[in-house]
Amino acid sequence: MQPGIVHLGLGAFARAHTAVYTEDAMLAAGDFEWGIVGVTQRSDTVARQLAPQDGLFTVVERGEAAGPLRVVSSIVDVISGRDNPDLVVERIAAPATRIVTLTITEKGYRFDPQTRTLDLKDPEIQADLAGRAPHTAIGQIVRGLQQRSLTGAGPVTVVSCDNLPGNGELTGTLVRNFAGALPAPESEPLLAWLPGNATFPSTMVDRMVPATTPGDLDGVEHELGLRDEAAVVAETFKQWVIEDNFAAGRPRWEDAGAVFSSDVANWEAAKLRLLNASHSMLAYLGLAAGKETISDAVAADSFRSACRRMLLQEALPSITLPAGLDGEQYCDEVLRRFANPALGHTTAKVGSDGSQKIGLRLLPTIRGIFDAGRAPAWAALAVAAWMHHVATTPEADLDDPLTAELNATLPARRDADTVVPALLGFRPIFEQDLAEHGGFRKLLLDWYRIIETNGTIDNGPDGLGNEINHG
Ligand code: CS2
């Protein structure tokens with residue numbers, strides 16, 4: 001197997017999704033030029049786990065019709081990006097590399113969500129621009145592309161696999177923003193090279209992959225007879241829809257079940273605003289009610305019913321479905337997937353990084369329903385539950401890249417009347433028109449009060465469930 005892909009962000013998702021598709025494609029097509037060089041970003045844990053195992057790791061499927069344990073072999077090399085940033089650039093610039101894939105999560109892009117451009121004020125971006133060996137993913141990609149342009153290493157495709165609308169177009173913009181911010185003698189030739197030599201197809205990725213627990217590793221050891229420190233757990237479902245715009249060839253991912261489509265934008269919007277939006281909603285309702293997992297949260301009748309109403313009455317009517325997707329069936333399947341008790345996907349994990357997710361998953365639905373002259377009561381419940389989570393979680397425990405900024409925005413006294421207006425003023429999430437929308441504010445205030453007084457009881461006459469059922 002030859003290395004052909006550099007993957008930035010070698011977390012559990014990449015191993016259970018992208019690496020599996022790539023191995024299946026290589027096996028089906030007999031084309032072994034697409035081995036993956038995996039790069040860990042912020043922590044070197046996965047690189048340390050995989051290196052002594054020659055990149056091999058186990059995928060454990062959980063749920064109905066789960067397959068047997070599977071050892072995946074598409075990762076040919078691993079690099080700790082934090083410790084070896086120059087090596088990352090070198091691998092991106094290597095002539096053998098024809099694709100760079102990314103799963104770096106929303107926050108890894110370091111962009112301004114309102115303008116969808118690179119946050120040039122971000123200190124890490126500034127340090128990368130100043131010329132150090134780059135630590136940020138965008139910096140690593142640009143330096144790698146720059147070297148390719150200087151050495152004639154040939155064209156390359158950069159494939160974002162994160163839950164962001166228009167993720168390909170966005171990545172292309174951020175790369176050009178970074179390149180454009182370099183000193184003119186560097187930026188001009190690079191900006192001239194990019195259009196003919198780099199493409200940025202968009203993709204929609206889907207597979208629920210919780211964090212691996214020590215218990216999972218013990219279970220694998222028991223079944224496999226080997227200790228695998230890098231095993232990952234996943235649901236059986238997986239999906240990948242990709243725009244077919246590759247500059248220098250690609251694996252036959254379609255032989256592994258991926259779908260090439262010219263309608264990725266609608267696939268991504270549907271996935272974000274149906275699956276991810278309801279995932280976030282269940283996470284924050286679940287956190288308020290002390291539910292540890294998504295399957296516990298969706299098992300509460302009231303939470304499931306609030307989620308269904310958000311999906312069917314608000315999210316579905318405000319999106320354009322891609323051809324061939326049955327919206328109601330998709331929503332039913334999403335709720336069924338959430339109910340998988342064997343997955344152990346925690347509300348804390350799905351609820352993390354809310355500042356990066358709320359704006360993409362819920363606010364477009366809220367705008368769409370207001371534009372249609374209705375009140376988005378259920379999507380607003382999800383936003384109110386997020387506000388409650390942010391305002392009631394001690395700063396040290398809030399898992400969000402904007403924790404400090406959120407806490408600086410929050411008032412000392414925290415109830416509906418103080419928290420809702422304060423967080424509505426948080427510009428990285430709420431644009432001014434929405435922040436000043438009286439109907440939106442009223443919905444948030446009403447729900448916040450209800451969560452505050454009844455939130456921890458999902459059912460019963462005094463519970464949030466009762467309010468939801470009469471909502
Ligand atoms: C989840 C996603 O953590 C989250 O925010 O909503 O990671 C979700 O599990 C995946 O997008 C499913 O494809």
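## Terms and model

A polar contact is a pair of N or O atoms within 3.5 Å; within protein, one atom must be able to donate a hydrogen and the other to accept it, and residues adjacent in sequence count only if both atoms are side-chain atoms. This is a predicted model, in which local features need pLDDT of at least 70, side-chain atom pairs count only at pLDDT 80 or more, and totals for chains, interfaces and linings use all residues. Residues are numbered from 1 along each chain as its sequence is written, and side-chain values use heavy atoms, with hydrogens and water left out.

## The ligand site

Start with the ligand. A polar side-chain atom of Lys 271 sits 2.6 Å from one of the ligand's oxygen atoms. For His 279, the distance from a polar side-chain atom to a ligand oxygen is 2.7 Å. Asp 206 takes part too: an N or O atom of its side chain is 2.5 Å from an oxygen atom of the ligand. Taken alone, the ligand exposes 340 Å², and the protein buries 89% of that (accessible areas by the Shrake-Rupley method with a 1.4 Å probe).

Which elements give two or more residues to the shell around the ligand? They are helix H10 (264-288) and helix H15 (354-361). Helices here are DSSP runs of H or I with at least four residues, strands are runs of E with at least two, and both are numbered from the N terminus. H10 gives the largest share of the shell, three residues. The residues surrounding the ligand include Asn 163, Arg 207, Met 208, Asn 276, His 345, Lys 357 and Arg 361.

## Two domains

The chain is assigned domain 1 (3-260) and domain 2 (264-469). These bounds come from an automatic or database domain assignment. The C-alpha centres of the two domains are 29 Å apart. Across the boundary, 29 residues of domain 1 are in contact with 29 residues of domain 2. Contact means heavy atoms within 4.5 Å.

## The nonpolar cores

A nonpolar core is a set of buried Ala, Val, Leu, Ile, Met, Phe, Trp, Tyr and Cys residues joined through side-chain atoms within 4.5 Å. Buried means under 20% relative accessible area, exposed over 50%, and partly exposed in between, with a 1.4 Å probe and protein chains only. The largest core has 81 residues, and Val 383, Trp 386, Met 387, Phe 430 and Phe 440 touch the most other members. Helix H17 (residues 377-392) gives the most to this core, 13 residues. Domain 1 and domain 2 both give residues to this core, so it lies between them.

Apart from this core lies another, of 35 residues, with Ile 79, Tyr 109, Leu 129 and Phe 200 among them.

## Buried polar residues

Glu 23 belongs to helix H2 (residues 18-29). Glu 23 has 8% relative accessibility and so counts as buried. Its side chain makes a polar contact of 2.5 Å with the side chain of Ser 73. Beyond four places in sequence, Glu 23 touches Arg 70, Val 71, Val 72, Ser 73 and Ser 74.

Ser 80 is in strand E5 (residues 75-80). Ser 80 also counts as buried, at 8% relative accessibility. A 2.9 Å polar contact links the side chains of Ser 80 and Asp 83. Ser 80 and Ala 47 are 33 residues apart along the chain, yet their C-alpha atoms are separated by 5.7 Å. Thr 101, in strand E6 (residues 99-102), is buried at 1% relative accessibility.

## Positive phi angles

Most residues other than glycine have a negative phi. Ala 65 has a positive phi, near 60°. Ala 65 lies in the loop between strand E3 (57-62) and strand E4 (70-72). Is Ala 65 buried or exposed? Ala 65 is exposed, with a relative accessible area of 76%.

Thr 105 has a positive phi of about 65°. Its place is the loop between E6 and strand E7 (111-112). Thr 105 is partly exposed, with a relative accessible area of 30%.

Key
Near = heavy atom within 4 Å.
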